[in-house]
Amino acid sequence: MYIVCFLNPKGGSGKSTLAACLASGLAEASESVIAIDTDPQGTLTDWQASDPENPIPLVQIEKPNNLKTLQDLAATYGWAVIDGAGRTEEMTGALIRLADLAITPVVPSAFDLWATNDLVEAIQERQEITGGQPQARFLVSRAGVHTRLGQEVVAAAADLGLPLMGSRIHQRQAYPRTTGEGRTPLTGNDPSAKHEIRGLTREVIELVQGGQ
Ligand SMILES: Nc1ncnc2c1ncn2[C@@H]1O[C@H](COP(=O)(O)OP(=O)(O)OP(=O)(O)O)[C@@H](O)[C@H]1O
Ligand SMILES: [Mg+2]
């Protein structure tokens, strides 16, 4: 089972939204996927529960020790998409040890990138021990539509030493509108949002399967 985690201690960067979208994108691509909510806020759990026809199975795991149950899920699911607990350091550390791919969504501002310094260091320490696991990327999230990515954002990512994903997620009404009903833009009517989720899904599959 491939494990993809969305991690960023900063609130509001889009972790829960992206976990819902990636899980749904993988399901659309005929991958078997389970969503894991490690955040005591329970946003992803609420998302999944708010549509009775939501096809994504989900489990809540709030204690790092309970992540062991992921082993049991590996026989059933090809992918686990995990919404990382924002501020819980112990859980974040445990997820870094488990993940195949750690994605840190960031709004496109150098301040917000710099604020991920401790997280990036924790990921890089783990990579040194393991020879590169987990793979890790920044994902620009909530970017202004028609706004070019600022050079300062690219420079901050380079300074921190984590590559930026080629995919980019923009600030679009389609995200809160659909996720608020337990769905994602994949079943909505904004083709641009659909397109970027499918692109993200493809990039994740390529990164994870190419990294094996
Ligand atoms: N691409 C987007 N376009 C528009 N709104 C978005 C987008 N991504 C997220 N949002 C909105 O921004 C807010 C924060 O997003 P989300 O809850 O996914 O962030 P988070 O990183 O999980 O936050 P927390 O750390 O509090 O769990 C939500 O209201 C969400 O609907
Ligand atoms: Mg969240």
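Modeller: Let us begin with H146, which lies in the loop between β6 and α7 (151–160). Please bear in mind throughout that this is a predicted model.

Colleague: What is the phi of H146, and is H146 buried or exposed?

Modeller: The general idea is that most residues other than glycine have a negative phi. In H146, phi is positive, near 65 degrees, and the residue is not glycine. H146 is exposed because 6 other C-beta atoms lie within 10 Å, and 12 or fewer count as exposed.

Colleague: Where is S30 found, and what is its phi?

Modeller: S30 is found in the loop between α1 and β2 (33–37). Its phi is positive, about 65 degrees, although S30 is not a glycine. S30 counts as exposed, since it has 8 C-beta neighbours inside 10 Å.

Colleague: Let us turn to strand β6 itself, where A143 is found. Why does A143 count as buried?

Modeller: A residue is buried if 20 or more other C-beta atoms lie within 10 Å of its own. A143 has 20 such neighbours, and therefore counts as buried. Leaving aside neighbours within four places in sequence, A143 is in contact with P108, L149, R168, I169, H170 and Q171. R168 is 25 residues from A143 along the chain, yet the C-alpha atoms of the two are separated by 7.5 Å.

Colleague: How many C-beta neighbours does I103 have inside 10 Å?

Modeller: I103, found in strand β5 (residues 101–106), has 31 C-beta neighbours inside 10 Å and so counts as buried. Beyond neighbours within four places in sequence, its contacts are V4, F6, R137 and L139.

Colleague: Which residues touch the most other members of the largest nonpolar core?

Modeller: That core has 57 residues, and V4, C5, A19, L22, A23, V81 and I82 touch the most other members. α1 gives the most to this core, with eight residues. As for A23, its contacts beyond neighbours within four places in sequence are V33, A35, I56 and V81.

Colleague: How is the crossing of α1 and helix α9 to be read?

Modeller: One reads the separation and the angle of the two axes. The axes of α1 and helix α9 (residues 191–210) come within 9 Å and cross at roughly 75 degrees. Angles of 65 to 115 degrees count as roughly perpendicular, so α1 is roughly perpendicular to α9. In the contact, C21, L22, G25 and L26 of α1 meet I197, R198, L200, T201 and V204 of α9. By class, this contact has six nonpolar, two polar and one charged residues.

Colleague: How many residues surround ligand 1, and which are the closest?

Modeller: Ligand 1 is surrounded by 19 residues, the closest being G11, K15, S16, T17 and P176. At least two residues of the shell come from each of α1 (15–28), β6 (135–143) and α8 (174–179). By class, the shell has three nonpolar, 12 polar and four charged residues.

Definitions and conventions: Residues numbered from 1 in each chain as written. Chains lettered and ligands numbered in written order. Predicted model: local features only at pLDDT ≥ 70, side-chain atom pairs only at ≥ 80, totals over all residues. Near = placed C-beta within 6 Å. Helix = DSSP H or I, 4+ residues; strand = E, 2+ residues; numbered from the N terminus. Nonpolar A, V, L, I, M, F, W, Y, C, P; charged D, E, K, R; others polar. Axes fitted to C-alpha atoms, helices over the stretch in contact; angles between N-to-C directions. Parallel < 35°, antiparallel > 145°, perpendicular 65-115°, else oblique. Contact = placed C-beta atoms within 7 Å. Core = buried A, V, L, I, M, F, W, Y, C linked by C-beta atoms within 7 Å.
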